[in-house]
Amino acid sequence: MSSSERRRDPRALLPTAITYRLLNIPDDLWRSATVGNLSAGGMRLRTAQTLQLGTRVELEVVLPDRAEPYHIRGEVVWVKASLKGVHEYGLSFIEATPERQFDIDQLVQFLMRRRVPRWPV
């Protein structure tokens, strides 16, 4: 199955810095990462930290149009290691409330209307 066949939702570029922490470690420190793209079901995350498949994280995303950051949980569903010390991860959103999912859906639709280029396949 090709990557485009696995994808259910369109992806929009959202090159922004975020913070995240591991959910399986109590009082884990927040770490920096970069979002590559965003869909209704997940995102591509870039970070120097090594994460394993199945790792669950809490994400904090600050957007210019909102006073409060978005908090959402995700699970690593694919891993792409890099020789330059930066790793890419596919995260699937988990435990999203209907209100939070609505916010994500609206953000993706807004980005797609702005004709933000899609992430290369």
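Val 79 is partly exposed, and its relative accessible area is 41%. Hello everyone; before I go on, please keep in mind that this is a predicted model. Val 79 belongs to strand S5. Together with Leu 53, Val 77 and Trp 78, Val 79 makes up a nonpolar patch on the surface, and the four share about 360 Å² of accessible area.

Now let's turn to charges. In general, side chains of opposite charge can pair when their charged atoms come close. How many salt bridges does the structure hold? There are 7, and I'd like to walk you through some of them.

Let me begin with Arg 21 and Glu 58, a salt bridge in which the closest N and O atoms are 2.8 Å apart. Arg 21 sits in strand S1, residues 12-22, and Glu 58 sits in strand S4, residues 56-61, so this pair ties together parts that are 37 residues apart in sequence.

Glu 88 counts as buried, at 13% relative accessibility, whereas Arg 46 is partly exposed at 25%.

Then we have Glu 75 and Arg 56, whose side chains meet in a salt bridge at 3.2 Å, N to O. This pair also links distant parts of the chain, from Glu 75 in strand S5, residues 70-80, to Arg 56 in S4, 19 residues apart. Glu 75 is partly exposed at 22%, and Arg 56 is partly exposed at 38%.

Let's move on to the nonpolar side of things. In general, nonpolar side chains in soluble globular proteins tend to be buried together. The largest nonpolar core here has 22 residues, and those touching the most other members are Ile 18, Leu 38, Met 43, Leu 59, Leu 91 and Phe 93. At least two core residues come from each of S1, strand S2 (31-38), S3, S4, S5, S6 and helix H2 (98-113). Which element gives the most to this core? That is H2, with 4 residues.

If you click on Phe 93 in the structure, you can trace its contacts. Leaving aside residues up to four places away in sequence, Phe 93 touches residues including Leu 38, Met 43, Leu 59, Ile 72 and Ile 104. Gly 41 and Gly 42 are among its contacts too.

A word on how S2 and S3 pair. The two run antiparallel and are joined by 4 bridges, and they form a hairpin with 3 residues between them. Val 35 has Leu 45 in S3 as its bridge partner.

Finally, let me show you the surroundings of Leu 22 and Thr 55. Leu 22 is in strand S1 and counts as buried, at 9% relative accessibility. Not counting residues up to four places away in sequence, Leu 22 touches Asp 28, Arg 31, Gln 49, Leu 51, Thr 55, Arg 56 and Val 57. Thr 55, for its part, is in the loop between S3 and S4 and is buried at 15%.

Is Asn 24 buried or exposed? Asn 24, in the loop between S1 and S2, is exposed, with a relative accessible area of 60%. Its C-alpha atom is separated by 8.1 Å from that of Thr 55, 31 residues apart along the chain.

Notes
Residues are numbered from 1 along each chain as its sequence is written. This is a predicted model: local features need pLDDT of at least 70, side-chain atom pairs count only at pLDDT 80 or more; totals for chains, interfaces and linings use all residues. Side-chain values use heavy atoms; hydrogens and water are left out. Buried means under 20% relative accessible area, exposed over 50%, partly exposed in between (1.4 Å probe, protein chains only). Patches are made of residues with over 30% relative accessible area and no salt bridge: like charges are joined within 9 Å, nonpolar side chains (Val, Leu, Ile, Met, Phe, Trp, Tyr) within 5 Å. Accessible areas come from the Shrake-Rupley method with a 1.4 Å probe; for residues, only the protein chains shown count as cover. A nonpolar core is a set of buried Ala, Val, Leu, Ile, Met, Phe, Trp, Tyr and Cys residues joined through side-chain atoms within 4.5 Å. Contact means heavy atoms within 4.5 Å. Two strands pair if DSSP finds at least two bridges between them.
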